[in-house]
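I opened my notebook to look around this protein model piece by piece. Come along and look things up with me.

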Amino acid sequence: MHSLLVIEPAGTENPAEARSSGGPDHILSSCGYVVGTAASPEQAAPFIGDADAFILNLPVTDISHWRSLLVRQRIAPVIWWCTPHTANLSVSACGDDIMVDGILSPAMKPPEIHWTLHFSARQCFERKQWLKEREQLLSRIEERKWIDMAKGILSKAKNISESEAYDLLRKQAMNERKRIVDVATSIVKVYQMLQDQT
């Protein structure tokens, strides 16, 4: 991890706090990271493509909005920069379902920052893999639904068992060089259209 984008909308950071502890851009730069900062989506746009992680120095209540803007353009860890100021502004949202991959604070030493960023990256990409697997599973469930409906229609129309109906679907798919689910979907849609006309 090398390049970081700090989101710090104007007025978010407590000025006294920023002077005493240094802002996230200063602290992360001193740890060896290349840091870009932005206060608006327009300012963030040029940095998003190169960012290895997004550091959100803002109240928890603003995280979901910014997270969706950023990860829509690039999948990268989203990390909350927690300070007394941002934490005080976030108390009311502590029960919300806020998705971050890690938390950093100005009190952390460079090794703690490095390891937090490392584990945050792992968390992000594990969640990405989980979401991909979930999407594939939901797609298979949807396909199974169409196949089961088509089997039911065929077994009723031809007075055959569901296993025979599945064999019929499989043969039809091979003959037409299509996937079984595509043949099944066609059968169900034609059947529904005929039912609507009666």
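Predicted model: local features only at pLDDT ≥ 70, side-chain atom pairs only at ≥ 80, totals over all residues.

**Entry 1: the overall layout**

I looked up the elements and found eight helices and five strands in the chain. Read from the N terminus, their order is β-α-α-β-α-β-α-β-α-β-α-α-α. Of the 198 residues in the chain, 36% are buried. I then checked the contacts with a separation of 6 or more, and 65% of them join residues 24 or more positions apart. The chain exposes about 11,900 Å², and carbon and sulfur atoms supply 54% of that area.

**Entry 2: the core**

How many residues does the largest nonpolar core have? I found 17, and among those with the most contacts inside this core are Leu5, Phe54, Trp66 and Leu70. Two or more residues each come from β1 (3-7), α3 (41-48), β3 (53-56), α4 (63-71) and β4 (78-81). Which element gives the most to this core? That is α4, with four residues.

Leaving aside neighbours within four places in sequence, I saw Leu70 in contact with Leu5, Ile7, Ile48, Phe54 and Leu56.

**Entry 3: around β4**

Next I followed the side chains of β4. Val78 and Trp80 point one way, Ile79 and Trp81 point the other way, and all are buried.

Which strands pair with β4? On one hand I found β3, which runs parallel to β4 and is joined to it by three bridges. Here Leu56 has Trp80 as its bridge partner in β4. I also found β5 (residues 102-104), again parallel to β4 and joined by three bridges. In this pairing, Leu104 of β5 is the bridge partner of Trp81. I traced the path through β3, α4 and β4 too, and together they make a right-handed β-α-β unit.

**Entry 4: cysteines**

How many disulfides does the structure hold? I counted zero. Cys124 counts as buried because its relative accessible area is 6%. Cys82 counts as partly exposed because its relative accessibility is 22%.

**Entry 5: two positive phi values**

Asn159 has a phi near 55°, a positive value in a residue other than glycine. Asn159 sits in the loop between α6 (110-158) and α7 (162-176). Is Asn159 buried or exposed? Its relative accessible area is 71%, so Asn159 is exposed.

Arg177 also has a positive phi, about 55°, although it is not a glycine. I found Arg177 in the loop between α7 and α8. Arg177 is exposed, because its relative accessible area is 80%.

**Entry 6: a residue in α8**

My last stop was Thr185, which lies in helix α8 (residues 180-197). Why does Thr185 count as buried? The reason is its relative accessibility of 16%, as buried means under 20%. I also checked Thr185 against Glu143: they are 42 residues apart in sequence, and 8.6 Å apart in space from C-alpha to C-alpha.

Terms used: Residues numbered from 1 in each chain as written. Heavy atoms only, no water. Core = buried A, V, L, I, M, F, W, Y, C linked by side-chain atoms within 4.5 Å. Buried < 20%, exposed > 50% of the residue type's maximum accessible area, 1.4 Å probe, protein only. Contact = heavy atoms within 4.5 Å. Pairing = 2+ DSSP bridges. Right-handed = clockwise from strand over helix to strand, strands pointing away. Disulfide = S-S within 2.5 Å. Areas by Shrake-Rupley, 256 points an atom, 1.4 Å probe, with all protein chains shown as cover.
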